Amino acid sequence: MGSENTKLPIIDFSHEDLKPDTLVWNQVKSQVHKALVEYGCFEASFDKIPIHLRKSIFESLQELFDLPLQTKLKNISKKPFHGYVGQYPQVPLYESMGIDDANIPHKAEKFTQILWPQGNPTFCETIQSYSEHLSELDQTVRKMILESLGVEKYMDEHMNSTNYLLRVMKYKGPQSSETKLGLNAHTDKNIVTILYQNEVSGLEVLTKDGHWINVDPTPDTFTVMIGDSLYAWANGRLHSPYHRVMMRGNEARYSAGLFSIPKSGYTIKAPEELVDEEHSVLFKPFDHVEFLDFYYTEEGQRCASALKTYCGV
């Protein structure tokens with residue numbers, strides 16, 4: 001059932017003096033920790049991405065998804081769910097593409113040239129600049145998380161253990177006033193997801209007490225969400241929320257998700273400081289890419305929690 005009344009906390013990251021060891025930093029850090037324990041996500045106000053760039057990211061997404069299917073299918077990847085995804089009968093409204101390391105100029109250029117051999121500098125610059133700016137918010141949030149968990153000594157290792165994936169998504173309007181499934185309920189499998197959506201509603205988050213709440217899109221906020229890999233690393237001290245997309249009406253919904261993803265070969269293991277009598281170890285150490293491979297098997301798709309089935313203690 002949906003619950004209209006509950007709203008995710010809104011946290012302001014636009015303070016000029018938001019720097020470690022300041023009063024403002026500690027206040028925001030406390031809000032982040034509280035939100036991630038309670039909801040596993042929050043809305044972030046972040047002014048480092050100028051309005052013209054916010055607008056042009058959706059123009060770029062529209063241009064990308066308007067390409068012929070044969071062209072979009074050139075977006076391939078050995079990693080599950082990193083390339084083009086579409087044409088799925090279970091979720092007919094949904095299609096998406098992945099851009100690995102979109103924050104790095106030559107990687108953004110490489111992706112652009114695959115789809116536009118003649119070049120498309122505006123598209124390339126938009127996705128690269130957007131990803132680079134937004135990675136600052138990801139890094140701020142993760143630093144605050146480690147500080148609030150009291151495990152700052154792992155800061156460098158943790159911050160260097162990830163790459164970025166920009167996953168861009170389109171949900172067709174179902175041309176109906178009835179609600180239709182846009183994307184199944186799932187938890188993200190990565191470290192942190194930062195989602196920006198055009199002004200077409202659809203995203204819903206499941207609260208700990210079992211209510212679905214709407215996350216109403218606004219041009220001023222980004223939705224920050226914890227994934228299973230960070231949930232496991234933090235030994236369950238934060239919440240990794242189930243979420244889904246439910247569509248109605250005629251308009252297409254576009255969204256861009258910046259995912260911080262553990263590098264292949266990096267072992268996710270809870271620091272010993274987060275294990276005690278009250279918090280026994282929840283998961284065996286695991287490699288994120290191997291976990292993803294399991295998640296996309298028939299068994300992984302069927303079980304209630306792929307993470308618990310794969311490496312739960």
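A crossing is left-handed if the near helix is turned anticlockwise from the far one by less than a right angle, and right-handed if clockwise. The model is predicted, with local features requiring pLDDT of at least 70 and side-chain atom pairs pLDDT 80 or more, whereas totals for chains, interfaces and linings use all residues. Residues are numbered from 1 along each chain as its sequence is written, and side-chain values use heavy atoms, without hydrogens and water.

**View 1. Packing of helix α4 (residues 105-115) on helix α5 (residues 121-149).** The axes (lines fitted to C-alpha atoms over the stretch in contact, with angles from 0 to 180 degrees between N-to-C directions) lie 9 Å apart at an angle of about 135°. Helices are DSSP runs (H or I, at least four residues), numbered from the N terminus. Contact (heavy atoms within 4.5 Å) involves Pro-105, Ala-108, Glu-109, Phe-111 and Thr-112 of α4 with Phe-123, Cys-124, Ile-127 and Gln-128 of α5.

**View 2. Crossing of helix α2 (residues 51-65) with α5.** The two axes come within 9 Å and cross at roughly 130°, which makes α2 oblique to α5. This crossing of α2 and α5 is left-handed. Leu-53, Ser-56, Ile-57, Ser-60 and Leu-64 of α2 meet Phe-123, Thr-126, Ile-127, Ser-129, Tyr-130 and His-133 of α5 in the contact.

How values were computed
Helix = DSSP H or I, 4+ residues; strand = E, 2+ residues; numbered from the N terminus. Parallel < 35°, antiparallel > 145°, perpendicular 65-115°, else oblique.
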